[in-house]
Amino acid sequence: MNADQCKMILQDACEECESNWIALSGGLDSSIVANLMRKEKANAITIITKDFVGTDLTYAQIMAKHAEIPLSLMHIESVSYTHLRAHETPEHLVIRRMLEK
């Protein structure tokens, strides 16, 4: 598979996606998706835990600005999947759906 074929497959997948939300970490995978979804008026979310240490947030902010996609930040406690199911809110629903994939 060449680069053009790969790009077409990724574009098709993004166009078929019914969600307009991207879990944006600032890493390569989510940055590629953000760039492909910029025309779809996508939204992005970055989830940060209380004890967060790292550069993910910085790179997610840079990528969101570059792709001109609004970025929402969700600050959560470090919780388990079971805890999320027991105390589900609309915000946690996004996390649960990501964990189920």
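Within how many Å do the axes of α2 and α3 come, and at roughly what angle do they cross? The axes come within 9 Å and cross at roughly 20 degrees; axes are lines fitted to C-alpha atoms, for helices over the stretch in contact, with angles from 0 to 180 degrees between N-to-C directions. This is a predicted model, in which local features need pLDDT of at least 70, side-chain atom pairs count only at pLDDT 80 or more, and totals for chains, interfaces and linings use all residues. Residues are numbered from 1 along each chain as its sequence is written, and side-chain values use heavy atoms, leaving out hydrogens and water.

**Buried face of α2**
- Helix α2 (residues 28–37) has Ser-30, Ser-31, Ala-34 and Met-37 as its buried residues (buried: under 20% relative accessible area, exposed: over 50%, with a 1.4 Å probe and protein chains only).
- Seen down the axis of α2, these residues fall within an arc of 130 degrees, so they line one face of the helix (the arc is that of the directions from the helix axis to the C-beta atoms).
- Exposed Leu-28 and Asp-29 lie on the face of α2 turned away from its buried side.

**Packing partners**
- The buried residues of α2 pack against α1 (3–16), β1 (21–23) and α3 (56–67) (contact: heavy atoms within 4.5 Å; helices, H or I, of at least four residues and strands, E, of at least two are DSSP runs numbered from the N terminus).
- Ser-31, Ala-34 and Asn-35 in α2 meet Met-63, His-66 and Ala-67 in α3.

**Ser-30**
- Ser-30 counts as buried because its relative accessibility is 11%.
- Not counting residues up to four places away in sequence, Ser-30 touches Ile-22, Ala-23, Leu-24 and Ser-25.
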